[in-house]
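User: Could you walk me through the structure I am about to paste? I'd like to talk about its cross-links and charged pairs.

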Amino acid sequence: TNRAVQNMYAPGSVFKIIAFGGALNEGLIHSNGEINCGSGVITMNGRNDIVDKHCHQTITYTDALAVSSNYATIKTAQLLGNERFFDYSQRFGFGTTTGIELPAEARGTVHSPKNWNSDSLASMSIGYEVNVTALQAISAYSAIANNGVRVTPHLIKEIRQDGKVISTTEA
């Protein structure tokens, strides 16, 4: 068993990069732009389902991500809407295998918008109603570090420089 590619989990705040990354890419927000959080409470289906202690009054999107604000993330995902949020989750590599050279890699679970309920966009934006593998999460964050370019992860046996092996990986 290789837990990094086979075990799935609900990513929680790890998944917030979908909302913020997608909205930044679409020009809907700017990193130093501000969001008004009001009281930090989001009411869904007649209940105060989201109470965010990190987001009261106004906060920048950078700070909202830094403090892992559920309120700001949900409101940002709503700017994207269902279809674009789903598209960005796929573009970040969730719901599909990474392509690494290991057997039995799990795809993860990201349902299409036609199977969502009224709370799904909010839930998914903060990492619920989805399942990912550790490698998918690492791959998504690596794409951010790589200026938005997602690269297929690979196993490395050795690193060479000028024809000489400078590092090897033990199996």
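Analyst: Below we go through the disulfide and then the salt bridges.

Analyst: This is a predicted model, in which local features need pLDDT of at least 70 and side-chain atom pairs count only at pLDDT 80 or more, while totals for chains, interfaces and linings use all residues. Residues are numbered from 1 along each chain as its sequence is written, and side-chain values use heavy atoms, with hydrogens and water left out.

User: OK, which residues does the disulfide join?

Analyst: Cys-37 is joined to Cys-55, with an S to S distance of 1.5 Å, where a disulfide is a pair of cysteine sulfur atoms within 2.5 Å. Cys-37 lies in strand β1 and Cys-55 in the loop between β3 (47–51) and β4 (57–60), so the pair ties together parts that are 18 residues apart in sequence (strands are DSSP E runs of at least two residues, helices H or I runs of at least four, numbered from the N terminus).

User: Are Cys-37 and Cys-55 buried or exposed?

Analyst: Both are buried, meaning under 20% relative accessible area, with exposed being over 50% and partly exposed in between (1.4 Å probe, protein chains only).

User: Switching topic, how many salt bridges are there?

Analyst: The search of the whole structure finds three, each a side-chain nitrogen of Lys or Arg within 4 Å of a carboxyl oxygen of Asp or Glu. One of them pairs Glu-26 with Arg-84 at 3.3 Å, N to O, and this pair links distant parts of the chain, with Glu-26 in the loop between α2 and β1 and Arg-84 in helix α4, 58 residues apart.
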